[in-house]
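Trainee: I would like to learn how to read a structure feature by feature, with the general idea given before the case at hand. Could we go through one together?

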Amino acid sequence: MSEHHDDFLARGPRVALRALTRADAAEFTRLVRVSEELHTPWLSMPATEDAFMAYMDRTDAVETARLLVCLPGADGAIAGFVNINNIVRGAFRSGYLGYGSFAPTAGHGYMTEGLGLVLRYAFGPLGLHRLEANIQPGNAASLALVKRLGFRLEGFSPDYLFISGAWRDHERWAITADMIDAAEA
């Protein structure tokens with residue numbers, strides 16, 4: 001369970017966001033292992049503490065927001081994660097999303113609420129204008145999630161990402177700060 005449950009960046013009615021840290025290695029990798037069936041073939045996740053530390057080292061080298069979707073109760077249990085990868089500033093102000101839920105809490109809407117908090121965090125304190133999610137066409141749960149949150153389909157990229165030993169096709173879905181502002185107006 002989380003020892004960081006008071007360090008939330010944003011809170012919703014049922015979930016909260018906090019930064020992923022190296023102290024999360026044991027719990028994060030345990031959740032990855034118990035969620036292997038849920039994530040296959042959609043994600044390649046660090047399942048050992050060494051792989052987790054290597055992931056943290058890689059993402060330390062570029063601007064990335066590594067976030068956990070947590071249940072803000074007494075134990076701050078981790079329900080999922082969202083990364084905003086390859087953040088570019090300047091005129092672009094954009095990033096690429098990677099996300100997933102963990103099996104023990106999947107299917108309860110926590111990621112819908114959590115990703116909604118991430119959008120407000122990205123378009124608010126992080127100062128971004130655009131987020132893109134690249135999703136394999138067969139990943140019905142992930143496609144439904146971005147559709148619920150108002151992302152628009154922008155295209156198709158064959159052989160886009162190397163995941164689980166193969167180059168996988170992806171649909172490109174995106175959302176901008178203006179789209180969020182219009183939806184909330």
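Trainee: Is arginine 93 buried, partly exposed or exposed?

Mentor: Before the answer, note that this is a predicted model, in which local features need pLDDT of at least 70 and side-chain atom pairs count only at pLDDT 80 or more, while totals for chains, interfaces and linings use all residues. Residues are numbered from 1 along each chain as its sequence is written, and side-chain values use heavy atoms, with hydrogens and water left out. Buried means under 20% relative accessible area, exposed over 50%, and partly exposed in between, with a 1.4 Å probe and protein chains only. Arginine 93 has a relative accessibility of 38%, so it counts as partly exposed. Arginine 93 sits in the loop between E4 and E5, where helices (H or I, at least four residues) and strands (E, at least two) are DSSP runs numbered from the N terminus.

Trainee: What is the phi of arginine 93, and how should I read such a value?

Mentor: Most residues other than glycine have a negative phi, and most peptide bonds are trans. Arginine 93 has a positive phi of about 40° although it is not a glycine. Serine 164 also has a positive phi, near 50°, and is placed in the loop between E7 and strand E8 (166-176). With a relative accessible area of 39%, serine 164 is partly exposed. As for the peptide bonds, a cis bond joins threonine 40 and proline 41, with omega about 0°, and proline 41 belongs to the loop between H2 and H3.

Trainee: How confident is the predictor in the protein chain, and where is confidence lowest?

Mentor: The quantity to read is pLDDT, the predictor's confidence in each residue, from 0 to 100. The protein chain has a mean pLDDT of 91, and 94% of its residues reach 70 or more. Confidence is lowest in helix H6 (residues 177-184), at a mean of 80, and highest in E6, at 97.

Trainee: How many residues of H4 are buried?

Mentor: An α-helix has 3.6 residues a turn, so residues three or four places apart point the same way. In H4, 12 of the 14 residues are buried, so this helix is largely enclosed by the rest of the structure. Among the buried residues are Tyr110, Met111, Leu115 and Phe123.

Trainee: Where does leucine 97 lie?

Mentor: Leucine 97 is found in strand E5, and its relative accessible area of 9% makes leucine 97 buried. From leucine 97 to alanine 26 there are 71 residues in sequence and 23 Å in space, C-alpha to C-alpha.
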